Each structure stands twice: as structure tokens, then as C-alpha cells.
Amino acid sequence: PKTTETKHCPFCKNDIYIKAIICPHCGHHIDVIEYDGSESQFLTSTRRIPVPNRWFMLGACAILILGSLLPWGMMETFMGRMEIRGAQGDGVLTAGIGVILVVIAVLSDKHSKDRRMAFIIGGMLSLIFLVPKMVTLLKPAYESSVYIGMILAVCGAMLIVVSALITRPKDVPL
């Protein structure tokens, strides 16, 4: 039988399921001796369970935005040298996706499942825009070099997807 009884986390004071051993809000480990309604019944520890949070997501977005606006690489073709800049074309799209994800990341926790899905979709869209450019720069037929902007943008997009995949929704009991 599923219980809806709650207790307060002794660290962040948010409501959590009565049988929870880890607070889904602050990540503290809570060992319950026996719950009788008093806060003194909790044996708590200061150990934190590493759960990616908004700061991790915001950092990944910042890396994506920065990398999207920096130069991506140089390519030598039969028409001469050509610099591929992130701020021209696809970089603007990926930076825009990053800005949208920043806005989504700072919204309230009420829609954490929606935010998680938005980060997965946004990160995958960014990778769809970035990977073909990177493959073009890495083709052996051309003399080319990949700049740090492309590397940062791809890493930022991958971190966005990873942060969304390993972040659990707030309403999942532990």
C-alpha cells in the first residue's frame, strides 16, 4: 500500500515521505530510528548524496552558450581558408537553446519532470546542430582544425543531456 504520510526534513524543513531515507530536496541522508512525530527521533548525517541540481544545469548551459558564440574552427578548401564561427548560423541556434534552458532551469520546482524533458530535448537538439559541423571539421579530405568553441559547445550539450538523465524528479520517493 502506498503511503502519503509525510514528515519534515531536519535540514531543509521540506515535506518528505515518511519512509524516505534521502531528502529529495536537499540530498541529505536521513536514518529514521522510529517516527513518532518529534524531530528528535531523526538520526541524521551531514553526508550529501550527489544529485545534479540547478547549478550543474546552469553551468552546462553556460558552457554551451559560450562555446556556441566562440569560433569553431578553420578549414582549408580549394577556395581558400574559411573560418567557421559559432556566432554565424548554427551557433546562434545552439546559444538560443542554451538561453531557453537557462530560463527553464530557474523556474520553480513544480515542473521538474517537464524541466528534465526540456533539458533532454534541448541538449539533443544542440547536438543535432553541432555534430555535423564537427564532423565536417574533422574530415580528412580537408586541412582543418577544431577550435575550443566547438569543443565547449559539444561538451556543454552533452553535459545538459547527462544532467537531465541523472537528475531524478522531485516527487519520486526514495
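Helix α2 covers residues 90-105, and its 16 residues should span 22 Å at 1.5 Å a residue; the end C-alpha atoms are 22 Å apart, in agreement. The expected span is 1.5 Å times one less than the number of residues. Helices are DSSP runs of H or I, at least four residues, numbered from the N terminus. This is a predicted model: local features need pLDDT of at least 70, side-chain atom pairs need 80 or more, and totals for chains, interfaces and linings use all residues. Residues are numbered from 1 along each chain as its sequence is written, and side-chain values use heavy atoms, without hydrogens or water.

Buried residues in α2 are G91, T94, A95, I97, G98, L101 and A105 (buried is under 20% relative accessible area, exposed over 50%, partly exposed in between; 1.4 Å probe, protein chains only). Seen down the axis of α2, they fall within an arc of 155°, so they line one face of the helix. The arc is taken from the directions from the helix axis to the C-beta atoms.

Now turn to S68. It lies in helix α1, residues 54-69. S68 is buried, at 0% relative accessible area. Beyond its neighbours within four places in sequence, S68 contacts residues including G91, T94, A95 and A153 (contact means heavy atoms within 4.5 Å).

A153 is also among the buried residues of α4. Helix α4, residues 148-166, has 19 residues and reaches 26 Å from first C-alpha to last, close to the 27 Å expected.

Finally, the cysteines. C61 is buried, at 0% relative accessible area. C155 is partly exposed, at 35%.

How values were computed:
Helix = DSSP H or I, 4+ residues; strand = E, 2+ residues; numbered from the N terminus.
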